[in-house]
Amino acid sequence: MSYIRLVNVTKRFGNVTAVDNLNLEIGKGECFSMLGPSGCGKTTTLRMVAGFEDLSDGEVWVGDRLLSSPKKHHYTPPENRNFGMVFQAFAVWPHMSVYENVAFPLRLRKLPAAEIEQRTKDALTATNLLKSANESPASLSGGGKQRVALARALAINPDVMLLDEPLSSLDPHLREEMRFEIKDLQRKYGFSIIYVTHDQSEAMALSDRILVMKLGVMQQIDSPLDVYNNPANKFVFSFIGVSSFTDVVWQSGAACIKGDNRPLPQGLVVPARMQGEAVFNLASRPTEIRFTNENDINAVRGVVMRKAFLGEIIDYLVKIGDQEVRVQIGRRDPGPETGEVCYLHFLRPFWYKVDE
Ligand SMILES: Nc1ncnc2c1ncn2[C@@H]1O[C@H](COP(=O)(O)OP(=O)(O)OP(=O)(O)O)[C@@H](O)[C@H]1O
Ligand SMILES: [Mg+2]
């Protein structure tokens with residue numbers, strides 16, 4: 001059931017189209033993440049939903065309320081949208097106590113004193129801050145300050161939480177802890193989340209669905225697993241997770257890895273749409289390649305250039321012709337040594353044209 005709706009949303013800054021005709025629907029209580037390289041339009045999208053940025057075109061809806069529409073000359077200001085917001089820099093007010101930081105937006109809304117107290121205490125309890133209520137946020141750790149920002153957003157009892165890299169200034173351990181806290185708060189309060197992050201594992205862990213953007217244009221909207229397993233295109237494949245691209249060429253009618261004169265094995269079937277391509281890519285994830293033996297119908301011969309032990313996994317660089325392929329296996333799995341000839345089985349090959 002759709003709750004937040006973006007219809008043909010477009011934002012231009014001069015000649016730059018920061019967001020290009022974006023259509024999406026987010027459900028009530030859904031956690032929705034936006035991923036994409038720097039400058040692809042994530043913050044701009046979030047700011048348009050929040051009401052801090054005008055739209056050049058399109059409409060933003062929540063439920064049956066129209067929030068923004070330049071064509072209809074309609075615009076609901078941020079304070080009437082009931083959205084909680086947490087941005088990357090902890091925008092906490094250092095001259096106010098933790099308690100006042102949370103209560104202040106409620107005072108601005110002129111809520112009755114008893115309700116302000118109740119909501120502030122609830123939000124401080126939910127974020128584990130009640131004991132620090134009278135302290136200055138300046139005395140808190142990064143995670144503590146981030147909690148204050150979260151508590152302040154929670155206290156207004158938002159319909160939607162807009163989170164723009166809210167955890168990026170925290171250390172990895174704290175970040176992991178906070179992401180589960182956000183999820184717990186969502187379960188408890190039932191708000192929808194639109195989450196922007198550079199951290200893919202964060203997006204995977206938190207989200208019901210992920211939007212992948214490139215230069216303002218939607219590339220794919222899917223569950224984390226589907227974005228990973230069934231990427232819509234070459235960009236999504238290379239952007240999400242770790243990937244290896246190998247150039248393949250045709251030699252006397254047989255597909256060979258560039259610089260190698262052995263045809264690809266029988267088990268590795270090149271799709272027909274690559275027939276006319278002088279060079280094309282065999283793409284794979286390092287964890288979806290296995291070492292095999294010479295007699296396997298999937299075996300592609302290579303030489304181990306580098307073997308690195310990375311803790312849980314062993315990371316290999318294997319040279320085939322003049323191409324290099326990354327392979328990752330479990331630390332307990334048997335594998336060849338540097339300098340040895342090896343045979344690779346591409347378990348899940350993807351095929352892409354060079355310029356697609
Ligand atoms: N106020 C502005 N004036 C002019 N151009 C802007 C403005 N805000 C954003 N842009 C441009 O819009 C595009 C999208 O920017 P945006 O900040 O939305 O990217 P982002 O995906 O959030 O990037 P990052 O991951 O670095 O935060 C960029 O090309 C940016 O330079
Ligand atoms: Mg941004």
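The side chains of Glu337 and Lys307 meet in a salt bridge, with N and O 3.0 Å apart, the term standing for a side-chain nitrogen of Lys or Arg within 4 Å of a carboxyl oxygen of Asp or Glu. This pair links distant parts of the chain, since Glu337 sits in the loop between β18 (323–330) and β19 (341–346) and Lys307 in strand β16 (residues 300–309), 30 residues apart; helices (H or I, at least four residues) and strands (E, at least two) are DSSP runs numbered from the N terminus. Glu337 is partly exposed at a relative accessible area of 40%, and Lys307 is partly exposed at 28%, where buried means under 20% relative accessible area, exposed over 50% and partly exposed in between (1.4 Å probe, protein chains only).

The model is predicted, with local features requiring pLDDT of at least 70 and side-chain atom pairs pLDDT 80 or more, while totals for chains, interfaces and linings use all residues. Residues are numbered from 1 along each chain as its sequence is written, chains are lettered from A and ligands numbered from 1 in the order in which they are written, and side-chain values use heavy atoms, leaving out hydrogens and water.

The structure holds 21 salt bridges. In one of them Arg147 pairs with Glu181, the closest N and O atoms being 3.1 Å apart; because Arg147 lies in helix α4 (residues 142–155) and Glu181 in helix α5 (residues 172–189), the pair ties together parts that are 34 residues apart in sequence. Arg147 is buried, with a relative accessible area of 13%, whereas Glu181 is partly exposed at 23%. Lys11, Arg47 and Glu53, in turn, are linked in a network of salt bridges.

A polar side-chain atom of Lys42 lies 2.8 Å from an oxygen atom of ligand 1, and a backbone N or O atom of Gly41 lies 3.0 Å from an oxygen atom of the ligand.

Methods
Polar contact = N/O pair within 3.5 Å; in protein donor to acceptor, adjacent residues only side chain to side chain.
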